[in-house]
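Hello,

Here is the structure I said I would pass on. My notes on what was found in it follow below.

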Amino acid sequence: MSIEVYLTPPDAVAQALSDGIATFNRSAIPDLEPNEDEVRFHVVASNEVGQVVGGLRGTCYWNTLHIELLWLSEDARGSGIGAQLVERAERLAREQDCELALVETTSWQAKPFYEKCGYELMATLEGRPRGHASHYLRKSLVRPSR
């Protein structure tokens, strides 16, 4: 038995790990959405001259929108563009049959912003990074039935 650390694993090693966990997951939950169905996307805001002023990178899988990052230029902050980016990502997620949205943000970033967008704090991890905290928030994407 040998234990190796790879900063950049050989393709065959990375594929073996991916295939192994996918096989395990399918054995536990046969109708689980396969990893290949993951939808990666960007929602981008540009100004009148085509310069990118903000954007969101996200992924939809396992009925969940994962907001990976959201950035706005200094000039775009406080203008409502961030909320529009999140709303557009949530709309795409609903089109992909997502029922839940998750986001991680840090203590100096955007926790109050996400709360204004309807996200609820699930957990806080103090000391990540040192001297700060990481916040984990969620939001239901299921529209209430009338």
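**Salt bridges, pocket and surface patch**

Glu 87 and Arg 91 lie four residues apart in helix α2, so about one helical turn separates them. Their side chains meet in a salt bridge, at 3.2 Å from N to O. Glu 87 is partly exposed, with a relative accessible area of 32%, and Arg 91 is also partly exposed, at 38%. Please keep in mind that this is a predicted model.

Glu 90 counts as buried because its relative accessibility is 4%, under the 20% cut-off. Lys 139 counts as buried too, at 16%.

A further salt bridge joins the side chains of Glu 74 and Arg 77, at 2.9 Å from N to O. Here Glu 74 is exposed, with a relative accessible area of 61%, while Arg 77 is partly exposed, at 44%. Elsewhere, salt bridges link Glu 38, Arg 40, Arg 57 and Glu 68 in a network. The search of the whole structure finds eight salt bridges.

The largest pocket holds about 420 Å³ of space. Its lining consists of 19 residues, and those closest to the centre are Leu 70, Trp 71, Ala 110, Phe 113 and Tyr 114. Two or more lining residues come from each of β3, α2 (81-95), β4 (100-106) and α3 (111-116). Strand β3 gives the largest share, five residues. By class, the lining has 10 nonpolar, six polar and three charged residues.

Last, the surface. Val 44, Val 52, Leu 69 and Trp 71 make a nonpolar patch of about 360 Å².

Best regards

Conventions. Residues numbered from 1 in each chain as written. Predicted model: local features only at pLDDT ≥ 70, side-chain atom pairs only at ≥ 80, totals over all residues. Heavy atoms only, no water. Patch = residues over 30% accessible without salt bridge, like charges linked within 9 Å, V, L, I, M, F, W, Y side chains within 5 Å. Areas by Shrake-Rupley, 256 points an atom, 1.4 Å probe, with all protein chains shown as cover. Salt bridge = Lys/Arg side-chain N within 4 Å of Asp/Glu carboxyl O. 1 Å grid on protein atoms, 1.4 Å probe; cavity = no way out; pocket = protein on both sides within 12 Å on 5 of 7 lines; lining within 4 Å. Points joined across faces, edges and corners; volume = space filled by probe spheres on them. Nonpolar A, V, L, I, M, F, W, Y, C, P; charged D, E, K, R; others polar. Buried < 20%, exposed > 50% of the residue type's maximum accessible area, 1.4 Å probe, protein only.
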